[in-house]
Amino acid sequence: MSTPAAPAADERLAPASHVRRMLGRPELGAVVGAAAVFVFFCFAADSFLKASSLSTVLYSASTIGIMAVPVALLMIGGEFDLSAGVMVTTSALISSMFSYQMTANLWVGVLVSLLVTLALGFFNGFMLTRTKLPSFIITLGTFLMLTGLNLGFTKLISGSVSTKTIADMEGFASARALFASQWNIGSVTLKVTILWWLVLVAVATWILLRTRAGNWIFAVGGGADAARAVGVPVVKTRIGLYMGVALCAWISGQHILFSFDVVQSGEGVGNEFLYIIAAVIGGCLMTGGYGSAIGSAVGAFIFGMTSNGIVYAQWNPDWFKFFLGAMLLLATLLNAWVRKRAEARA
């Protein structure tokens, strides 16, 4: 009497190998690219490996990375925000001009700026969900309106294109300690934006991988109609993502304000593309549903290495945009290849 054959094991239940899991990570391509850029500038620029140079690289990366984190989450959710760059300037202008004109403690202006900036994020998300127009159109309109308001109100109130100095106002020292402080360790200067950046990356990663909201973000980016059919609150998720961008724009705006005391009304235009580029280099797909916060941090670090490495290598900085565009194309192709390999192994 023959013994019945044991049922074949279900391959779907087999534990995935470390290699397979690694190949499935969205930030894999960015990590490989970052290593290549780092090694390249180590040979191309003698001063690149100095501690003071690396601290400058980290600072440049953090100023982009703070905004690249929420932009990455927004892209995973399938949307864009072209107003993110000027929103940073708007938040700084509101804090400065409100406090100066009202002769109030600077913290009053900072809190008013927080409320107004969050309202702008809510406006973007609300208009998107109400009108059903593409996020490109909605946020492009917000971008143009904020650009005009920044310049118009600044000239109307201050009489010039920049705000008045606020260095001697009450609350400046404590606000600067939170948003623009720095620590000197020998020849190395570490700025508080690096800490803000790391905290935001950690929080965003926890949200994406450990919370229900993270599942909602991936579901909405993968297909809003399908997500809605299984009970995902699509409207709330999208509005929340835009308000997340607004919150980080507020943080970045306060850093600019309390670092330089004054704000130029025309700043921030074009920076939204840097945030998107950092997110795309970090593994986010333009179509949504795929990406990571860690990847956006790696993308921002690549940006910091490139922008400063060109200077340390004493090259013509006019070529920077060329290198940035080339990195974007290469990263997009590499990310697409990594994702196809991951899907083939699944």
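Me: Which residues do ring pairs link into a cluster?
Reply: This is a predicted model. In it, ring pairs join Trp-107, Phe-172, Phe-179, Trp-196, Trp-250 and Phe-258 into a cluster.

Me: How many aromatic pairs does the structure hold?
Reply: There are 11 aromatic pairs. One of them is formed by Phe-38 and Phe-48, with ring centres 5.7 Å apart and planes at 65°. An angle over 60 degrees counts as edge-to-face, so that is the class of this pair.

Me: Where do Phe-38 and Phe-48 sit in the chain?
Reply: Phe-38 belongs to helix α2 (residues 28-44), while Phe-48 lies in the loop between α2 and α3. They are 10 residues apart.

Me: What about the rings of Phe-172 and Phe-258?
Reply: Their centres are 5.6 Å apart and their planes stand at 55°, so the pair is tilted. Phe-172 is in helix α7 (residues 172-179) and Phe-258 in helix α11, 86 residues apart, so the pair links distant parts of the chain. Phe-172 is buried at 7% relative accessibility, and Phe-258 is buried at 0%.

Me: Turning to the core, how many residues does the largest nonpolar core have?
Reply: The largest nonpolar core has 79 residues. Met-67, Trp-197, Phe-258 and Ile-302 have the most contacts inside it.

Me: Which helix gives the most to this core?
Reply: Helix α3 (residues 51-76) does, with 13 residues.

Me: What does Met-67 touch?
Reply: Leaving aside residues up to four places away in sequence, Met-67 touches Ala-84, Val-88, Val-245, Cys-248, Ala-249, Ser-252 and Tyr-275.

Me: Which residues does the second core include?
Reply: The second core is separate and has 5 residues, including Val-220, Ala-224, Val-232 and Val-234.

Me: Next, helix packing. At what angle do α8 and α13 pack?
Reply: Helix α8 (residues 192-210) and helix α13 (residues 293-312) pack at about 150°, and their axes are 8 Å apart. Angles over 145 degrees count as roughly antiparallel, so α8 is roughly antiparallel to α13.

Me: Which residues meet there?
Reply: From α8, Trp-197, Val-201, Ala-204, Thr-205 and Leu-208 meet Ala-293, Ile-294, Ala-297, Ala-300 and Phe-301 of α13. By class, this contact has 9 nonpolar residues, 1 polar residue and no charged residues.

Me: And where α9 and α11 cross, what is the angle?
Reply: The axes of helix α9 (residues 212-222) and helix α11 (residues 234-260) cross at roughly 100° and come within 10 Å. The two helices are therefore roughly perpendicular to each other. In α9, the contact is made by Trp-216, Ile-217 and Val-220, and in α11 by Val-234, Thr-237, Arg-238 and Leu-241.

Me: What classes of residue does that contact have?
Reply: The contact of α9 with α11 has 5 nonpolar, 1 polar and 1 charged residues.

Me: Last topic, helix α12. How many of its residues are buried?
Reply: Helix α12 (residues 271-281) is mostly covered, with 9 of its 11 residues buried. Among them are Glu-272, Leu-274 and Tyr-275.

Me: What comes just after α12?
Reply: Gly-283, which takes a positive phi of about 115°.

Definitions and conventions: Residues are numbered from 1 along each chain as its sequence is written. This is a predicted model: local features need pLDDT of at least 70, side-chain atom pairs count only at pLDDT 80 or more; totals for chains, interfaces and linings use all residues. Side-chain values use heavy atoms; hydrogens and water are left out. A nonpolar core is a set of buried Ala, Val, Leu, Ile, Met, Phe, Trp, Tyr and Cys residues joined through side-chain atoms within 4.5 Å. Buried means under 20% relative accessible area, exposed over 50%, partly exposed in between (1.4 Å probe, protein chains only). Helices (H or I, at least four residues) and strands (E, at least two) are DSSP runs, numbered from the N terminus. Contact means heavy atoms within 4.5 Å. Axes are lines fitted to C-alpha atoms, for helices over the stretch in contact, and angles run from 0 to 180 degrees between N-to-C directions. Angles under 35 degrees count as roughly parallel, over 145 as roughly antiparallel, 65 to 115 as roughly perpendicular and the rest as oblique. Ala, Val, Leu, Ile, Met, Phe, Trp, Tyr, Cys and Pro count as nonpolar, Asp, Glu, Lys and Arg as charged, and the others, Gly among them, as polar. Rings of Phe, Tyr and Trp (its six-membered ring) pair if their centres lie within 6.5 Å; planes under 30 degrees apart count as stacked, over 60 as edge-to-face and the rest as tilted.
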